[in-house]
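Please work from the structure shown here before reading on.

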Amino acid sequence: MHKTINDIIAKKGSKKISVVTSYDYTMATLCDQVDVLLVGDSAGMVMLGYENTAPVTMDEMVLFTKAVSNGRQNALIVADLPNKSYENEADAVANSERLIRAGADAVKLEGRLPDIIRAIIKAGIPVMGHLGLLPQTAKKYTVQGKTESDAKVLLADAKALQDAGVFSIVLEMVAAETTKRITEAVFVPTIGIGCGKDCDGQVLVIHDMLGLFEKLTPKFVKKYLSLSEAIKKAVAEYVENVENRTFPAEEHTFHMEVQK
Ligand code: KIV
């Protein structure tokens with residue numbers, strides 16, 4: 001039995017919530033020990049090579065969600081509603097239902113959109129909010145909540161999302177002091193990325209933490225591995241083996257049956 005929404009909510013104030021992004025079957029099986037596998041629209045950048053998350057489509061998110069769902073046994077699966085897929089209540093509900101049919105347990109959307117959130121929840125689908133830096137629409141990737149007035153707006157946004165019924169809120173690139181105030185002010189868990197240590201949980205893009213994505217590494221990322229280097233070294237060795245004919249060797253080779 002995999003984790004439930006209530007398992008995640010119950011962690012607030014006791015144990016930290018661990019979240020990584022996941023977009024495919026193999027990585028989902030390897031990362032399934034976390035609390036939440038987030039099928040993030042960051043897939044657009046790390047899986048599809050887009051400049052940002054804005055062009056990601058519903059069809060793409062459905063495919064990634066299916067793949068992750070095939071590999072999950074333990075974690076809760078939250079899937080991102082991509083840009084422009086929740087511009088009105090009818091679209092938001094229909095697209096959330098597609099992600100649930102693909103295997104998600106909940107959906108995530110960006111911004112202060114209480115009516116849209118209420119409509120999705122009314123259709124029986126749990127919603128994770130997302131405040132602070134909103135990559136689908138941001139013009140620049142800058143730290144949010146740095147001034148007292150910005151902090152107050154974010155705090156009010158978080159309360160509005162909570163009142164609308166979200167079961168948790170991702171905070172992205174929010175000043176640590178503001179993050180702490182929001183986390184203490186709401187009863188739903190906050191999940192931080194680039195927000196310091198005072199969230200109820202943490203999320204990282206899996207390609208960043210494994211050192212797989214070389215295009216950019218934000219300050220808030222801790223690289224646990226340098227997989228891109230290991231992969232390039234392995235592929236270089238393979239190319240050399242093919243060229244100098246040391247692969248395939250006898251142990252990799254099939255033979256005909258000997259005729260008697
Ligand atoms: O798409 C994503 O990876 C996300 C995280 C940055 C929270 O939304």
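**Exercise 1.** Sort the lining of the second largest pocket by residue class.

Solution. The lining of the second largest pocket has ten nonpolar, five polar and three charged residues, where Ala, Val, Leu, Ile, Met, Phe, Trp, Tyr, Cys and Pro count as nonpolar, Asp, Glu, Lys and Arg as charged, and the others, Gly among them, as polar. The model is predicted, with local features needing pLDDT of at least 70 and side-chain atom pairs pLDDT 80 or more, while totals for chains, interfaces and linings use all residues. Residues are numbered from 1 along each chain as its sequence is written, and side-chain values use heavy atoms, without hydrogens and water.

**Exercise 2.** State which pocket holds the ligand, and sort the residues of its shell by class.

Solution. The ligand sits in the largest pocket, a placement that requires more than half of its atoms to lie within 2 Å of the grid points. A pocket is an open set of points on a 1 Å grid over the protein atoms alone, where a 1.4 Å probe fits, with protein on both sides within 12 Å along at least five of seven lines, and lining residues have an atom within 4 Å of a point. The shell around the ligand divides into four nonpolar, four polar and four charged residues.

**Exercise 3.** Find how far polar side-chain atoms of Ser-42, Asp-80 and Lys-108 lie from an oxygen atom of the ligand.

Solution. For Ser-42 the distance is 2.5 Å, for Asp-80 it is 3.2 Å, and for Lys-108 it is 2.8 Å.

Key:
Polar contact = N/O pair within 3.5 Å; in protein donor to acceptor, adjacent residues only side chain to side chain.
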